[in-house]
Amino acid sequence: MKTYKNTGNIDTRSGFGAGLAELGRTNPEVVAMCADLTGSLKMDEFKNNHPERFFQIGIAEANMIGIAAGMTIGGKIPFTGTFANFSTGRVYDQIRQSVAYSGKNVKICASHAGLTLGEDGATHQILEDLGLMKMLPGMTVINTCDYNQTKAATIAIAEHDGPVYLRFGRPKVPNFTPEDQKFEIGKAVALTEGNDVTIVATGHLVWEALEAAKTLEDKGISAEVINIHTIKPLDETAILKSVRKTKCVVTAEEHNFLGGLGESVARTLTLNHPAPQEFVATNDTFGESGEPLMLLDKYGLNAKAISEKAEAVILRKE
Amino acid sequence: MSTSQHLQDFVTQVRRDILRQVHQVNSGHPGGSLGCAEFFSVLYQEVMDYSKDFNMDGVNEDLFFLSNGHISPVFYSVLSRSGFFPVKELNTFRKIDSRLQGHPTTHEGLPGVRIASGSLGQGMSVAIGAALTKKLNGDSHLIYSLHGDGELQEGQNWEAILYAGSKGVDNLIATIDYNKKQIDGATDDVLPLGDLKKKFEAFDWKVLELKEGNDLDAIKTTLETAKELTGKKQPIVILMETEMGNGVDFMMGTHAWHGKAPNDEQLQTALSQNPETLGDY
């Protein structure tokens, strides 16, 4: 089985900051704005290098989304930055009407998504944002897995004409995807080849899926790990090709099972190639305060949970 | 300054368009539309510098954003009669497969519309964003916007008002349709707005009071004054006192026609008070 080397733990939000800084140098139409979380979103480099293109909105996320929508008129490409909860749930109607329905080229960039936000607790740990965003017609939804992928995705979405939700996180996590990767929106990345089970993972759980695949290999189970960084549009071709071979799937995401990646995969399978599926996701619950790794363990969102679900789903095969 | 016959005829025809649109589909919002017929007519016929060859980016043009999207009948009438799309398309208002949705949208590609509105309170932020882009682009043209007074009950407006005042967004002229009425009744009964002039001034806006918000000359004079006040580190707001249902006697002095269409008989009465001028669609 192909293995991946962690080149060092680093937060995905720093990948966003690095990507945004590069866009600042390469694309004069890119503007950035933040609702009083510039440091947390790692937007300082862009802000310092391009003060005329950076807008401090203050703690007013609804206004930020509206301003971003307006700034597209005249050709700017706005990147908004705040926590995932304040990027989505707080401003859903603003995104729906002023961005999505209006077809505006706004990039909604969201950090501190999911349980791994940690100690701040459930008020900030949104586990519903992927569902909220993927339901909006025309919205592209991306959840990146490490620093390098987040940087590449940040750069790539500037070239995409249309609204995008880019989700990343707070904790330092393994960085293992290639530094020079080409990020293709809507294109799954096959990480390992396997015959017994497909593991479709997104965000922080991609590394956990790779760890699970190692555990499974020790038990003689060959797992095919697919990194789905784009939840919408979903790379159905890649998923179906793998599941036709393995005949079962585990989906893994730092999100509620309702509305997340797993449900999108289930729909794809139901319509095209019904197969047993198990979900690694939160179980219709809010989170709580705690250390990120302990929370992932408590809520069943880690390599251990993925490998257990993989063994369970294999038993369900016809 | 005396108003041209053309502008008077234009407004009369716009009133007919509003009434006929909402009557045909027995839905829509005639009251606020009629109240702003003069404002839209002056803005599009005499004040704004724009291209009829619609382009979303609107570089080197003045731009207008309608925040209180429910008064779409007046917006559609004035856009079509200003050359953005065929006047006969008003016949499709609120019907299936139309570009003239109940509330304005870019989604069906209607020329002249740059943002969807309908869910209230969002237009001020959008207008500010467009104003910021104009500045970045070195484009000296202006941003105009219109908002309902009741709409100011939406909190997002006050985020936007704070931002524009504090950051000195001075290429923006926002107008409040200050008719003091909303769906459930008088604004003072629903949720009083208090002293709007003092409130905007406290947020560092330049306030112009337009007491005769249905008078063509007064509107034009005020808008021209507002233009002269741009570029002075302050956004500008016009508190435009209008009469909901203006130009139709039985629709004035009440909030009853906010979102109700006239029946056949009422339509004929209303149209008789506004004889055809530029030709019905």
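Predicted model: local features only at pLDDT ≥ 70, side-chain atom pairs only at ≥ 80, totals over all residues.
## Chain A overall

Let's begin with the build of chain A, which has twelve helices and 14 strands. A compact globule of 318 residues would have a radius of gyration near 20 Å, and chain A, at 19 Å, agrees with that.

On the inside, buried residues account for 62% of the 318 residues in chain A. Sequence distance is worth a look too: take the contacts in chain A between residues at least 6 apart in sequence, and 81% of them link residues at least 24 apart.

## Two helices side by side

Now zoom in on a pair of helices in chain A. Helix H3 (residues 61-71) packs against helix H5 (residues 92-101) at an angle of about 5°, and their axes are 9 Å apart. Angles under 35 degrees count as roughly parallel, so that is the label for H3(A) and H5(A).

Who meets whom? From H3(A) come Ala62(A), Ile65(A), Gly66(A) and Ala69(A), and they meet Gln94(A), Ile95(A), Ser98(A) and Val99(A) from H5(A). Sorted by class, this contact has five nonpolar residues, three polar ones and no charged ones.

## Where the chains touch

The contact between the chains draws 23 residues from chain A and 29 residues from chain B. On the chain B side, helix H5 (123-136) and helix H6 (155-166) each supply at least two residues. H5(B) gives the most, with ten residues. By class, the chain B side splits into 13 nonpolar, twelve polar and four charged residues.

Key
Residues numbered from 1 in each chain as written. Chains lettered and ligands numbered in written order. Contact = placed C-beta atoms within 7 Å. Helix = DSSP H or I, 4+ residues; strand = E, 2+ residues; numbered from the N terminus. Nonpolar A, V, L, I, M, F, W, Y, C, P; charged D, E, K, R; others polar. Rg over C-alpha atoms; globule rule 2.2 N^0.38 Å. Buried ≥ 20, exposed ≤ 12 C-beta atoms within 10 Å, placed from the backbone. Axes fitted to C-alpha atoms, helices over the stretch in contact; angles between N-to-C directions. Parallel < 35°, antiparallel > 145°, perpendicular 65-115°, else oblique.
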